Amino acid sequence: MKKTFLFLIALICAYHSYSQNISQEERMKWWRDARFGLFIHWGLYAIPAGEWKGKPSTGLGEWIMKRSTIPVAEYEQLAKQFNPVKFDAKKFVAIAKDAGMKYIAITSKHHDGFAMFKSHASKYNVVDATPYGKDIIKALADECHKQGIKICFYYSQSRDWHEPNGLDNDWDFPAQRNFQQYLDEKVKPQLTELLTQYGEIGMIWFDTPMTITKEQAQSLKDLVRRLQPRCIISGRLGGGVETDYKSTGDNSIPAAVIREDWEVPATLNNTWGFRKDDHHWKSPEDITRLLFDIASKGGNYLLNVGPTAEGVIPEESVNILSQVGKWMKINHEAIYGTKASPFNPEFAWGNITTKPGKLYLGIYQWPQTGFYLEGIKNKINKVYLLSDPSKRPIAFKETYDRVNDHHLLKINLPANAPDKVVSVVVVEIQGNADAEKTITQQQDRTVKLPGVDAKIYKGDSAAKLNFISRAGGAEGWVDPAVNLDWQFKVIQPGTYKVDIITTETGSTENPSWQGDHVVKIISGNQSFETKIVPDSKEYNQRSQYWKKIHTNGGTVTFDKPGIYHLTLAPVKFSEGKTGFTFREIHLLPAY
Ligand code: JFZ
């Protein structure tokens, strides 16, 4: 009798937690609407700030313990100096809000193992081990809740250089380790603290999974789901376990729209954690364009600041963010709650975001002659500038070419750009954005064929390539049997140069590129082989660390308007791990 009773209770509990299951749609709603967040990398590493015993450390500020091979016993001493008296949570949140950001993700524990919150699982934390003695995570979380901004926690689940059983400290702990024990004794208790003592958490930002197994990663996911079913789990949990969205490589922006949830973590200079010698600041103009570009490709922008040991966000960072904020104050409607462009490739002039009934054209390069948008099928009601409070209508003309089944919108833009960074033109449409599905030749006669838009196959079956990492180039394409094929519409017949664009990849400090692959280009009865050589290099404004490499791949001719195919078929790849970092093909008028 008693057993049956307990069983019933268990059943009711199980049902109760099951019914609490919230849908993916619900969980992701705020994040999808937000589009723009602040990343904060802050910890003990802000004290050495990129220099150890008079010598600059290589690479990222927060990696100094590993890069300068600092023993735990020595690095730990930094805690005794950590006293960020100038830290003001109100200021941090104000800086984020002023930039137009909707969420903050702060390092609660980075790879060095030091917790920026009061922890019972490890004394190595800001309250127990520093003269400062106050819970920084709590101060920031409270302030975020007060000001209506989502608070999120970065947590390094695998790497922990402070623990004998954590991963990756081979200078203090070269011997075997019991990673499971570290997960049980530090990670799970600390995640539990983070998810139970700081109110509602927007997401846990896991990172660098290394060798974490499927079961281990799943147990962390289960823990987060059980404690806070609404909490989002970032893309870097590991073990092949599905998370709530994909993270691209740091500072890596895909070449075209990705029609799933994704986020790019990015820096304002070259480091995440503060380095006193890093003055490689990106311009506010670059950041604003990247923000628009990322939104137009369907992604979120998580942009980093690295506060100093005193608790101050560097002035340069604050200036850049406030410039972006000025643009956001006028143009936020074109960012928040928008969806990706209905067209996959980038445009030379900028890109597009959408909402039901609206297209937002973000123009980075104001056209000198007429402005044309190809392939929009919706009826258009009105066109105006987002910066114009009176929404004065701008003249436009829609035409439809029956023979080619092609829509063309011409907009008579004013002579001068209303904003020298990104001018937003609102196109009011009937219904949801509806674009011609086939890739279509642009008015300037170019045809853009991005890798992410190709049919990918191997023999008779569909194959997959990863285009979401690094600078939008294929990651790990080492199988020459994988082919890409595009279908596209030619409006203006003629002869076109085949511009094959690959990308540099690898580390941000030391980009790498591999060429000498032989590929075949096939279009109808035209077919020729070409070797991937670096004919020219181009700075990529949308992915600053990795240049685009152009290869002149011969010419193809289209005799009349119509639908054509082009196939990219590798013949032989050169030796090496990098593989064919293919990004896209552009067909450019030859004459
Ligand atoms: C990781 C950390 O090691 C780094 O310190 C920082 O916190 C950053 C946000 O994340 O570094 C990575 C992780 C993944 C990639 C690159 C750097 N990646 O997938 O390209």
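Modeller: First, a term: a crossing is left-handed if the near helix is turned anticlockwise from the far one by less than a right angle, and right-handed if clockwise. Helices are DSSP runs (H or I, at least four residues), numbered from the N terminus. By that rule, α8 passes α9 in a right-handed crossing.

Colleague: Is this predicted or experimental?

Modeller: This is a predicted model: local features need pLDDT of at least 70, side-chain atom pairs count only at pLDDT 80 or more, and totals for chains, interfaces and linings use all residues. Residues are numbered from 1 along each chain as its sequence is written, and side-chain values use heavy atoms, without hydrogens and water.

Colleague: At roughly what angle do α8 and α9 cross?

Modeller: Roughly 20°, and the axes of α8 (residues 179-196) and α9 (residues 214-227) come within 10 Å. Axes are lines fitted to C-alpha atoms over the stretch in contact, with angles from 0 to 180 degrees between N-to-C directions. So α8 is roughly parallel to α9 (under 35 degrees).

Colleague: OK, the ligand. Which residues are closest?

Modeller: His41, Glu62, His111, Asp207 and Asp250, out of 13 surrounding residues (a heavy atom within 4 Å).

Colleague: How far is a polar side-chain atom of Glu62 from a ligand oxygen?

Modeller: 2.5 Å. For His41 that distance is 2.6 Å, and for Asp207 2.7 Å.

Colleague: How much of the ligand is buried?

Modeller: The protein buries 81% of the 450 Å² that the ligand exposes alone (Shrake-Rupley method, 1.4 Å probe).

Definitions and conventions
Polar contact = N/O pair within 3.5 Å; in protein donor to acceptor, adjacent residues only side chain to side chain. Helix = DSSP H or I, 4+ residues; strand = E, 2+ residues; numbered from the N terminus. Parallel < 35°, antiparallel > 145°, perpendicular 65-115°, else oblique.
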